[in-house]
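Here's a quick briefing on a single chain and how it is put together. Have a look at the fold first, then work through the points below.

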Amino acid sequence: MPEAIPDIEPDSDQDFGASLSAAQLAELSSKLDAVYDQVPSTCCAGSGECCVLTDEEMQEGYATMFPLYLAEYVRIAEFVRIEESPERAQRLLAHTQERPRQCPFLGEQRGCTIYPVRPLICRTYAVLDQETIAAAAEQHADEMPEEWIKGFVRRESAMHCPRVTLTQPDKLVRHIHNLISYTYERTMARLSRTVFEQVSPDRRQAVRSQIRRRGWPTRWTWGGYNTLYLTSASWIQGYLKRYWKRAQLNDLD
Ligand code: SF4
């Protein structure tokens, strides 16, 4: 049984903080919204099933709300601080589980409690049905690398849900192009790198000394990013190395 890692301690040392200024956050939010605006809207039965893993999905290594980009993480963290009660915000920001069975943002009525700022992965989930995926793969076969097409089919086919209906078909062409050509991924990774550059040098250095990497992952999970972004210096020194070693989903650029 691996040794337990304690919850995050709040960062009480102001000099060790890692927040963006209000202006930087506003600029980031508008860039994220510009990306999200390219995703066709859908109408969904709201069962919340895609926000909870089945036994089979747990065994196969799936994760809810994954991948989450660093740029999305900081915006959601700010939303949680403003919109949630102090107790719930504290619980959410202290959450360190990398792969919880249920997304920490799923509400009691099965609704998403961070709906206005939910990440790209939740917006693109089940937008494409199998017929559209197959037709898009065939249509782009001559103009895109085979590996890109295969990756697109594999990823999108795993996100099918019969209870989701497309309501903005006019956005499909651009959306499909973005998915196959990794345009969404590249844009989100670029935005995430700009966030990383704003992290205080002290925190960057403290994290780097434990994880032995120059940068932070641009794609990870809510619990994972909490450990890099919000922890106290003593938590980083005492536990981050072990946490990082056990982590399976941190995706370095
Ligand atoms: S962020 Fe919202 S939509 Fe996405 S998995 Fe969590 S509860 Fe579901």
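The chain has twelve helices and four strands, where helices (H or I, at least four residues) and strands (E, at least two) are DSSP runs numbered from the N terminus. Bear in mind that this is a predicted model: local features need pLDDT of at least 70, side-chain atom pairs count only at pLDDT 80 or more, and totals for chains, interfaces and linings use all residues. Residue numbers start from 1 along each chain as its sequence is written.

**Overall shape**
- For 253 residues, a compact globule would come out with a radius of gyration near 18 Å, and the chain's 19 Å agrees with that (taken over C-alpha atoms; the rule is 2.2 Å times the number of residues to the power 0.38).
- Along the principal axes, the C-alpha atoms fill a box of roughly 55 × 40 × 35 Å.
- Of the 253 residues, 28% count as buried (20 or more other C-beta atoms within 10 Å of the residue's own; 12 or fewer is exposed, in between is partly exposed, with C-beta atoms placed from the backbone).
- Take the contacts with a separation of 6 or more, and 85% of them join residues 24 or more positions apart (a contact means C-beta atoms, placed from the backbone, within 7 Å).

**The largest nonpolar core**
- This core has 46 residues, and Leu 68, Leu 70, Ala 71, Tyr 73 and Tyr 225 touch the most other members (a core is a set of buried Ala, Val, Leu, Ile, Met, Phe, Trp, Tyr and Cys residues joined through C-beta atoms within 7 Å).
- Helix 3 (residues 70-83) supplies the largest share of it, seven residues.
- Leaving out residues up to four places away in sequence, Leu 68 touches Tyr 73, Pro 119, Arg 219, Trp 220, Thr 221, Trp 222 and Tyr 225.

**Helix 8 and its surroundings**
- Helix 8 (residues 172-180) buries His 175, Ile 176, Leu 179 and Ile 180.
- Down the helix axis, those buried residues fall within an arc of 125 degrees, so they line one face of helix 8 (the arc is that of the directions from the helix axis to the C-beta atoms).
- Their cover includes helix 6 (130-139), helix 7 (146-157) and helix 9 (183-198).
- After helix 8 comes Tyr 182, with a positive phi near 60 degrees.

**Thr 187**
- Thr 187 sits in helix 9 and is partly exposed, with 19 other C-beta atoms within 10 Å.

Methods:
Contact = placed C-beta atoms within 7 Å.
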